Amino acid sequence: MVPPIKSQGIKTKLVPWIMELAPKAEGKWIEPFLGTGVVAFNSGYEKAILNDTNPHIITFYKGIQQGEITAPLMRHYLEQEGELLSKAGDNGYDHYRKVRARFNQEFSPYDFIFLSRAGFNGMMRFGKKGNWNIPFCKKPDRFAQAYTTKITNQVSTVSKIIQPEPNWIFHNKSFSEIIPLATEQDIIYCDPPYYGRYVDYYNGWTEQDERLLFNLLSETKAKFILSTWHHNDWRENEMIAKFWSKFNIVTKDHFYHSGGNIENRRTIVEALVCNFNADNIQDHNHGQKEKVPSAQLSLELT
């Protein structure tokens, strides 16, 4: 399933790959970097510890868990705000600015969803003071009926997946406080900000952070999977050789839309790092079928 929060770098297309590698643990599913929640919501675990440094993500999912955010309420909100957006001046931008300013003062989880869905290129970015600073996607009819229904259905699905406390516990803490909670019966999935790539107010990431994460995962008794990037057309992730090469690594080509220009829309090689035997999965592009060249396909069809 796809969660209602949208963000660049979401792991939706990589979930089958991650879950095929992940061994079934007897204990909890633990995510120190929850993000959109797409991996956790597809993990199938009845017990989980889920954390993110972004308080808006945690507030939103706790709101669903506690019944304060529901599919009918979300539909009503999106229909109301969508109509205002479609009629607003500056091709809808006037209302987007109004919602953005309101969110930066009141931090409504409903406005959070509006902004994550109406912001440029599906980006989620916060400025130095923790304020949302992504511009409008310039689509005044963004929240048409079909799109509103899609988001509403995602909220409904997530509400059925999220387990009540204490089975699922949400935290807004540092990852360094979450990883030590794991036992040898648990599995940890880490999707930290990628070193050397864009970070924001809630997602700063340095080599010191990478080293701390490495030390904590090296010491854990739990099984873990770490998502990171391996290389792209220009350079390699130096953290692989510096830290993660002591563990098992599998890779996959993955295409990211990471900007408005075609130059920013290139393949990056994703890596999964784990501390358990990964012989059951190919070293590269597991489960990814090669495309048949068009000339060969024409011959086969004739």
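**Reading the aromatic pairs**

Modeller: The structure holds 27 aromatic pairs. Keep in mind that this is a predicted model.

Colleague: What describes a pair of aromatic rings?

Modeller: The distance of the centres and the angle of the planes describe a pair. Take F33 and W205. Their ring centres are 5.7 Å apart and their planes stand at 80°, so this pair is edge-to-face. Planes over 60 degrees apart get that label.

Colleague: Where in the chain do F33 and W205 lie?

Modeller: In distant parts, 172 residues apart. F33 is in the loop between β1 (29-31) and α2 (38-41). W205 is in the loop between β4 (187-190) and α9 (207-219).

Colleague: Are F33 and W205 buried or exposed?

Modeller: Both F33 and W205 are buried.

Colleague: What kind of pair do F214 and F243 form?

Modeller: A tilted one, with 35° between the planes and 5.3 Å from centre to centre. F214 belongs to helix α9, and F243 to the loop between α10 (238-242) and β6 (248-255), so the pair ties together parts 29 residues apart in sequence.

Colleague: Why does F214 count as buried?

Modeller: Because its relative accessibility is 14%, and buried means under 20%. F243 is buried too, with a relative accessible area of 6%.

Colleague: Which residues do ring pairs link into a cluster?

Modeller: Y93, Y96, F114, F136, F143 and Y147.

Colleague: Which ring does the charged end of K24 sit over?

Modeller: The ring of Y45, at 3.9 Å from its centre.

Methods:
Residues are numbered from 1 along each chain as its sequence is written. This is a predicted model: local features need pLDDT of at least 70, side-chain atom pairs count only at pLDDT 80 or more; totals for chains, interfaces and linings use all residues. Side-chain values use heavy atoms; hydrogens and water are left out. Rings of Phe, Tyr and Trp (its six-membered ring) pair if their centres lie within 6.5 Å; planes under 30 degrees apart count as stacked, over 60 as edge-to-face and the rest as tilted. Helices (H or I, at least four residues) and strands (E, at least two) are DSSP runs, numbered from the N terminus. Buried means under 20% relative accessible area, exposed over 50%, partly exposed in between (1.4 Å probe, protein chains only). A charge sits over a ring if NZ of Lys or CZ of Arg is within 6 Å of the ring centre and within 35 degrees of the ring normal.
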